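Please read the following explanation with the structure open beside it. It goes from a single side chain to a place where chains meet, and then to one more side chain.

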Amino acid sequence: MRITGTFIDEISHDIPHQNWGPREWEKDFQYMQAAGIDTVIVIRCGYRKFLTYPSDYLISKHQCYAPPIDLIDLYLTLAERYGMKLYFGLYDSGHYWDTGNLQFEIDANFYVIDEVWKKYGHRTAFKGWYLSTEISRKTKGAIEAFNSLGQMCKQISGNLPVFISPWIDGKKAVMAASGNLTKEDAVSILEHETEWNEIFEGIHQNIDAVAFQDGHIDYHELHDFFSVNKKLASKYNLACWTNAESFDRDMPIKFLPIKFEKLKLKLEAAGKSEYDKAITFEFSHFMSPQSSYIQAHHLYNRYLEYINTI
Amino acid sequence: MRITGTFIDEISHDIPHQNWGPREWEKDFQYMQAAGIDTVIVIRCGYRKFLTYPSDYLISKHQCYAPPIDLIDLYLTLAERYGMKLYFGLYDSGHYWDTGNLQFEIDANFYVIDEVWKKYGHRTAFKGWYLSTEISRKTKGAIEAFNSLGQMCKQISGNLPVFISPWIDGKKAVMAASGNLTKEDAVSILEHETEWNEIFEGIHQNIDAVAFQDGHIDYHELHDFFSVNKKLASKYNLACWTNAESFDRDMPIKFLPIKFEKLKLKLEAAGKSEYDKAITFEFSHFMSPQSSYIQAHHLYNRYLEYINTI
Amino acid sequence: MRITGTFIDEISHDIPHQNWGPREWEKDFQYMQAAGIDTVIVIRCGYRKFLTYPSDYLISKHQCYAPPIDLIDLYLTLAERYGMKLYFGLYDSGHYWDTGNLQFEIDANFYVIDEVWKKYGHRTAFKGWYLSTEISRKTKGAIEAFNSLGQMCKQISGNLPVFISPWIDGKKAVMAASGNLTKEDAVSILEHETEWNEIFEGIHQNIDAVAFQDGHIDYHELHDFFSVNKKLASKYNLACWTNAESFDRDMPIKFLPIKFEKLKLKLEAAGKSEYDKAITFEFSHFMSPQSSYIQAHHLYNRYLEYINTI
């Protein structure tokens with residue numbers, strides 16, 4: 001199973017910025033292309049007060065900061081130049097979904113979707129939407145919200161595809177800033193199936209693909225969870241993608257590039273379950289030959305050697 | 001607002017050492033100069049048993065280790081070669097100020113100031129003093145100590161300027177080794193003003209400048225706190241500098257270089273409040289083209305592009 | 001005191017992988033040789049389900065993963081090419097020794113020792129064994145286990161040397177994933193001597209060398225602990241090595257390369273106590289000119305300058 005898509009982690013929650021300008025970004029799209037990537041996903045167009053594009057709405061209504069550069073225009077230009085599809089990630093207000101501020105998030109994004117479509121909807125690389133707020137079973141209250149956001153994205157854009165990338169509430173689902181690497185109260189495979197069946201039931205009409213993050217469970221659990229994910233996605237007619245995390249959740253430094261063998265295990269598990277597509281979080285920090293993390297340069301080489309043999 | 005000064009973080013509290021020799025340091029002074037830096041501040045001449053210079057006093061009386069190289073002589077030589085001013089940071093014993101060991105710190109530094117002035121006071125780049133122990137409102141007991149250390153520095157050196165760089169006790173004022181990024185009990189703007197008014201009242205006669213660290217508050221709080229800082233500094237006739245932190249306090253890795261946009265926001269807030277000078281903590285790890293953190297290389301480029309446009 | 005040996009940290013517990021292939025590993029052996037290293041120690045041949053070599057036993061009986069490459073064969077080949085001795089580290093199941101799963105670990109390793117000796121025992125660079133499970137005073141129950149593992153290693157291999165590398169339960173003996181850097185309940189020098197006297201009493205007949213890790217105590221404690229270690233090793237006729245950690249335990253980032261001065265202090269303390277050999281944990285991440293941590297490149301230069309002067 002080859003990686004054909006990557007998130008672009010601007011604005012980042014927890015991965016330090018690389019401070020790239022347009023020249024470094026263009027070079028990265030070239031490296032992505034050489035590795036077989038045809039899809040880039042802007043993980044979120046804004047987070048709290050930081051923005052990827054100069055949004056009149058968010059700047060005037062939510063006191064967001066005017067960004068030094070319009071990254072959305074840059075990424076669309078590069079995607080067009082290198083023959084890639086761009087998925088657009090919605091705004092993350094940082095008002096957490098599970099604390100009753102759901103409506104705030106939905107309302108803001110209704111304006112954002114409208115503004116963004118007017119601004120960038122005509123661009124040929126604009127090929128879909130990503131609902132950026134990460135959910136898991138503990139945020140089941142988000143079903144309605146996801147459904148209505150997906151619906152709006154599809155309606156405004158002539159039914160462009162929408163996808164989500166939730167996490168499995170496994171043993172490694174701990175806060176990034178926490179000192180711990182694992183927790184005791186991980187979800188069972190049965191609970192996972194029951195709860196996601198319910199979530200998919202509520203959102204499948206306005207979602208086209210689901211890309212579960214693959215890093216919160218242990219390697220020997222991959223097959224069981226992936227089988228359930230595939231079964232559920234098929235039941236609700238969703239494309240089943242894997243979000244193959246290319247950073248390592250097992251190390252005290254949060255986060256550096258993953259050991260190649262681990263990435264390989266995860267991709268092979270997804271292939272075995274006949275997933276439809278593999279994307280990664282994310283290429284530019286963790287797999288790029290120009291990453292600030294030199295481990296990523298070697299991961300790129302190991303990965304390219306690998307895909308040339310399969 | 002341009003950065004014209006930087007700390008040199010030797011001996012470091014919490015930033016891993018780069019293991020540079022004289023050749024790397026000379027190159028860094030060249031990079032600093034190219035970025036418009038005219039002032040270097042040795043953050044502390046010693047910390048616990050590690051020293052920047054071979055202090056007979058600290059080695060014989062406090063069992064400190066003889067350093068492999070005299071960094072003070074090196075930095076003075078480079079400052080002279082590249083036309084910079086050097087501020088000398090006092091000794092930090094690691095006996096914390098707020099636990100009753102204040103007198104220990106003061107006594108040690110009385111000897112250090114005397115020794116250092118005899119050793120390096122004639123050097124043309126020696127242009128001022130930095131009281132290295134960081135204080136905030138919780139260390140108000142330090143007023144007398146700061147006052148008497150500042151007084152001694154000024155008396156021995158023919159009134160060379162003395163500055164301090166305290167932190168604002170904001171939401172991000174957490175321990176570096178802690179797993180958390182923020183805390184609940186942040187200071188209010190009113191408490192900040194009241195308490196620093198009292199501190200400045202006690203020390204202003206022997207302090208020339210104050211450079212509050214700018215990283216412990218949120219970006220939207222910058223203007224309010226900076227306005228108060230400027231007002232208080234003016235009231236007590238202190239130069240008002242900003243210590244523009246070039247590392248990112250919002251990330252689980254503590255600490256990597258800051259996102260350029262954040263640095264820009266902070267510098268602009270200081271400019272808006274008509275601060276007198278901007279220094280940074282610190283160039284060599286977080287902004288240098290030869291930093292061990294590659295993100296810093298790009299930050300340097302972004303920063304240079306920026307100052308060429310303002 | 002010069003470093004003449006290094007661990008090779010594959011599979012790693014807590015240091016992120018560099019994703020090197022055979023070419024990078026060969027280059028590293030060249031750098032090691034240039035720095036005077038004549039001994040490499042594979043820290044463990046497997047950890048939980050990840051392996052350095054394709055072990056039929058561990059793959060079929062313990063569901064371990066077949067590794068992408070046989071690292072043991074690679075390291076032996078490189079050790080032979082560059083005239084080095086290789087010590088082979090046993091399997092670490094991740095079932096902790098002190099929780100009653102001792103027998104599991106011993107049983108697995110009895111098979112592993114047998115398999116490994118058949119597979120690689122004829123290789124000319126195979127010169128010894130390393131009992132990979134780290135013990136300290138709190139794992140005294142491990143005495144019998146260490147003794148029998150050492151015995152089996154020696155018997156099967158015609159008495160090849162066996163060594164261990166325990167930690168001192170000092171103030172810095174905290175979990176890698178913990179937010180803390182130090183703890184309160186550090187061992188005293190007297191407890192250390194009493195307890196290790198008991199441990200050595202139980203294992204000395206099947207162990208040839210002990211290389212205490214040097215990083216868990218403060219620098220001013222080095223001499224006292226090193227003296228006791230040397231005295232105990234002599235009493236039981238063990239070679240006394242130091243495991244000079246080349247990463248920094250005093251920083252919130254866990255872990256980056258150590259400040260050269262600290263490494264120098266530790267090596268000099270070992271030299272003063274007339275230790276027999278210095279090894280390090282470990283060259284490839286923390287001292288190599290091609291490490292992903294650029295601080296290591298400079299540490300290599302500082303270290304080479306140093307050994308050329310002593």
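In this predicted model, the side chains of Asp28(C) and Gln290(C) are joined by a polar contact of 2.9 Å. Asp28(C) has another such partner: a polar contact of 2.6 Å links its side chain to that of Ser284(C). To find Asp28(C), look in helix H1 of chain C, which covers residues 22-34. Is Asp28(C) buried or exposed? Its relative accessible area is 0%, and because buried means under 20%, Asp28(C) counts as buried.

The surroundings of Asp28(C) can be listed as well. With neighbours within four places in sequence left aside, Asp28(C) is in contact with Trp20(C), Phe283(C), Ser284(C), Ser288(C) and Gln290(C). Lys272(C) is 244 residues from Asp28(C) along the chain, and the C-alpha atoms of these two residues are 30 Å apart.

Next comes the interface of chain B and chain A. Here 22 residues of chain B are in contact with 30 residues of chain A. The size of an interface is often given as the accessible area that is lost when the parts come together. For chain B and chain A the buried area is about 2100 Å², and carbon and sulfur atoms give 62% of that area.

How many salt bridges does the rule find across the interface of chain B and chain A? It finds one. Arg302(B) and Glu24(A) form a salt bridge, with their closest N and O atoms 3.5 Å apart. On the side of chain B that touches chain A, helix H8 (260-272) and helix H10 (294-307) each supply at least two residues. H10(B) gives the largest share of that side, with five residues. By type, the residues on this side of chain B are 11 nonpolar, five polar and six charged.

The last stop is Lys254(B), in the loop between strand E10 (239-245) and H8 of chain B. Lys254(B) is buried, yet it has no salt bridge. Which side chain of opposite charge is nearest to Lys254(B)? That is Asp14(B), at 9.2 Å; a salt bridge needs the atoms to be within 4 Å. A polar atom of the Lys254(B) side chain does lie 2.7 Å from the backbone oxygen of Asn180(B). Beyond its neighbours within four places in sequence, Lys254(B) touches residues of chain B, among them Val174(B), Met175(B) and Leu181(B). Its contacts also include Pro252(C) and Ile253(C).

Key
Residues are numbered from 1 along each chain as its sequence is written. Chains are lettered from A and ligands numbered from 1 in the order in which they are written. This is a predicted model: local features need pLDDT of at least 70, side-chain atom pairs count only at pLDDT 80 or more; totals for chains, interfaces and linings use all residues. Side-chain values use heavy atoms; hydrogens and water are left out. Helices (H or I, at least four residues) and strands (E, at least two) are DSSP runs, numbered from the N terminus. Buried means under 20% relative accessible area, exposed over 50%, partly exposed in between (1.4 Å probe, protein chains only). Contact means heavy atoms within 4.5 Å. A polar contact is a pair of N or O atoms within 3.5 Å; within protein, one must be able to donate a hydrogen and the other to accept it, and residues adjacent in sequence count only if both atoms are side-chain atoms. Buried area is the accessible area (1.4 Å probe) that two parts lose on being put together, summed over both. Ala, Val, Leu, Ile, Met, Phe, Trp, Tyr, Cys and Pro count as nonpolar, Asp, Glu, Lys and Arg as charged, and the others, Gly among them, as polar. Lys and Arg count as positive and Asp and Glu as negative; His and the chain ends are not counted.
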